Amino acid sequence: MAKEDYQSLYERSIEDPEGFWASLAENELEWFQKWDKVFEWNYPYHKWFLRGKLNITHNCLDRHVAAGRGDTLAFIHVDENYKETTITYGELLRQVNKLSNGLASLGVKKGDCVVLYMPLMIEQVVAMLACARIGAIHSVIFAGFSDKAVRNRIIDLQAKVVITADWTLRRGEKKRLKPTVDEAIDGLDFVKHVIVLVRDGERHDSTEREVDYYELVSEQEDIFAPEVMDSEDPLFVLYTSGSTGKPKGIVHTTGGYSLYAHYTSKAVFNLKPGDVYWCTADPGWITGHSYVVYGPLSVGATSVLVEGVPDYPSKDRWWKIVDKYKVKVFYTSPTAIRMLRKFGEEHLEKHNLSSLRILGSVGEPISAEVWNWFYKYVGRERCVVVDTWWQTETGGHMIVSLPALPQKPGKAGLPFFGIDVDIVDKDGQSVPDNTKGLLVIKKPWPGAMRTVWGDNARFEKYWSETKGVYTAGDMAIRDEDGYIQILGRSDDLINSSGHRIGTAEVESALNSHHSVAESAVIGKPDEIRGEVIKAFILLHTGRVHDEILIEDIKFHVRREIGAHAIPVEIEFIDKLPKTRSGKIMRRVLRAKEMGQDLGDLTTLED
Ligand code: WTA
């Protein structure tokens, strides 16, 4: 696609978004019943494909089987010992149907919430799809979250069923998951069943509340008619960190999300049925939802699913996998690329990576330097690097470097079709080219979040922070060619190893430690992880800060949130910089940490 073609299609999509999306919805998806209205905008609430009926699993599974692609591989799962498990589209459909029947036999119905706390494995995908097939709302929690974090989400959702597995593998060790779920649901009577998947093929002793996964599915029929879902019926809730308060449950609905995950996978990654594709994300994050599960399945690709970490059992593990399965499209994060770069090029050189065509990046800005390394050593100067800026809230890619367009290392690229982007100052006025500003989206798009679970006010905030538009919370700059560079968050969110962590969340975990009086948390630049968490802590009088206390505080954060939120550095101080109204000035701590000018201190308390 030449830049002019992009430009004309883009302009058309912005001038007539309804026509643009409706024609795609018609051509790209199968509906049980067509919508009667494309879009309704009751600011800030919006609906797409009103009264249209569909089920996302029909588009991800049944239609491929009906088209004769039942024998195409849907997933190739590789565990830490390179043990491979594969599943075809036909078999995946049967497994999903069996679990759908199993869930139905437990009384799960349309609109019920089901929490998944599982490792990266085929059954994790089966569980998501089975929920979607029966119309239950799934909420996948990344298997690194602590029991308290899991419990809070289960309570927020009033989840009826939890699906878990007994362990996941990490660096050769089995990390148990079931005890976390036991703690999480202790005393919660509204949780009617816990489905436990025992991975060594053994059985779990079923009780009334605990059900063995294989026992549940083994006797079930492998046919299940997908629930007829309305376009606007919720498909899933995925929790993500905000700059204030507890994590928010981002709600995505069926019709718009189906189309958005499908069409971005197709247009941005050029994915076609049977293409071998590998997205390194876990389905516990949004990237996994849209670009491991729903998008690639909807287009009919063959996905590689890799459990474990990039450098175990060896530092060339990822390249070995790319070579072995002839991966064509490879989608990962800058933090992973920086780590692999540090290991050295020798790990890449011994592998044939000639199957690769498109290299994707997501999660944080990819610097020109890291971009160039990715292009040169992984892509061998033959592949395009596709950066993709988006968020849990956006459902799918928003600013991208489409494969056919000229590349600009270090810039995320151009707005995706139908996405009306602007960069504005704090009063909402557009800023000139090459000027820093806030990234906003001017109109809703089909994949956008519909609300925050149980908290409409928090949803409305996204659309009211800057008048009339969606404020993403990122700073950006646009050049004279329209290319957008993402500069990082404008709020108190930390991006560590591509994980989004709220400073307020970590502070509240720290403050609940019995020795801590007050705390402030900042993101500190880190060569590999992008940012690491640094905590400034004020202890209660009389507490001694020694190594034991530091370890204990870190352990406490692990218990409260999960290992990814542990501060790497802890500094004890006597006083936190605050405004006269008592707000902690993290900006001052950050500037001091970096040895920078402290900026305007007129609002500082003293
Ligand atoms: C950041 C992940 C620069 C950004 C899909 C955003 C990026 C937040 C990029 C959302 C990118 C994501 N370039 N920054 N390509 N992709 N981000 O919800 O700050 O986990 O607001 O979604 O990650 O993180 P989330």
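Analyst: **The second largest pocket and beyond**

The second largest pocket holds about 460 Å³ of space. A pocket here is an open set of points on a 1 Å grid over the protein atoms alone, where a 1.4 Å probe fits and protein lies on both sides within 12 Å along at least five of seven lines; lining residues have an atom within 4 Å of a point. Its volume is the space filled by probe spheres set on the points, which are joined across faces, edges and corners. Do keep in mind that this is a predicted model, where local features need pLDDT of at least 70 and side-chain atom pairs need 80 or more, while totals for chains, interfaces and linings use all residues. Numbering starts from 1 along each chain as its sequence is written, and side-chain values use heavy atoms, leaving out hydrogens and water.

At least two lining residues come from each of β5 (84-88), α5 (122-134), β9 (167-170) and α8 (213-218). These labels are DSSP runs numbered from the N terminus: helices (H or I) have at least four residues, strands (E) at least two. Sorted by class, the lining has ten nonpolar, five polar and six charged residues. Asp, Glu, Lys and Arg count as charged; Ala, Val, Leu, Ile, Met, Phe, Trp, Tyr, Cys and Pro as nonpolar; and the others, Gly among them, as polar.

Charged side chains bring us to salt bridges. Side chains of opposite charge can pair when their charged atoms come close. Across the whole structure there are 45 salt bridges, each with a side-chain nitrogen of Lys or Arg within 4 Å of a carboxyl oxygen of Asp or Glu.

One of them joins Lys 178 and Glu 210, whose closest N and O atoms are 3.0 Å apart. Lys 178 sits in helix α7 (residues 178-185) and Glu 210 in strand β12 (residues 210-212), so this pair ties together parts that are 32 residues apart in sequence. Both partners are buried (under 20% relative accessible area with a 1.4 Å probe, protein chains only; over 50% is exposed, and in between is partly exposed): Lys 178 has 12% and Glu 210 has 18%.

Another bridge links Asp 479 to Lys 408, with 2.8 Å between the closest N and O atoms. Asp 479 is in the loop between β26 (470-478) and β27 (484-489), and Lys 408 in the loop between β21 (399-400) and β22 (414-415), so parts 71 residues apart in sequence are tied together. Asp 479 is buried at 4%, whereas Lys 408 is partly exposed at 23%.

Lys 34 and Glu 26 also meet in a salt bridge, at 3.2 Å from N to O. Here Lys 34 is partly exposed at 46%, and Glu 26 is partly exposed at 44%. Elsewhere, Lys 524, Lys 534, Glu 569, Glu 571 and Glu 593 are linked in a network of salt bridges.

Finally, turn to the ligand. It is surrounded by 17 residues, the closest being Thr 388, Thr 392, Asp 474, Arg 489 and Arg 500; a residue is near if one of its heavy atoms lies within 4 Å. The side chain of Arg 489 has an N or O atom 2.7 Å from a ligand oxygen atom. For Asp 387, a polar side-chain atom lies 2.9 Å from a nitrogen atom of the ligand.

Conventions:
A polar contact is a pair of N or O atoms within 3.5 Å; within protein, one must be able to donate a hydrogen and the other to accept it, and residues adjacent in sequence count only if both atoms are side-chain atoms.
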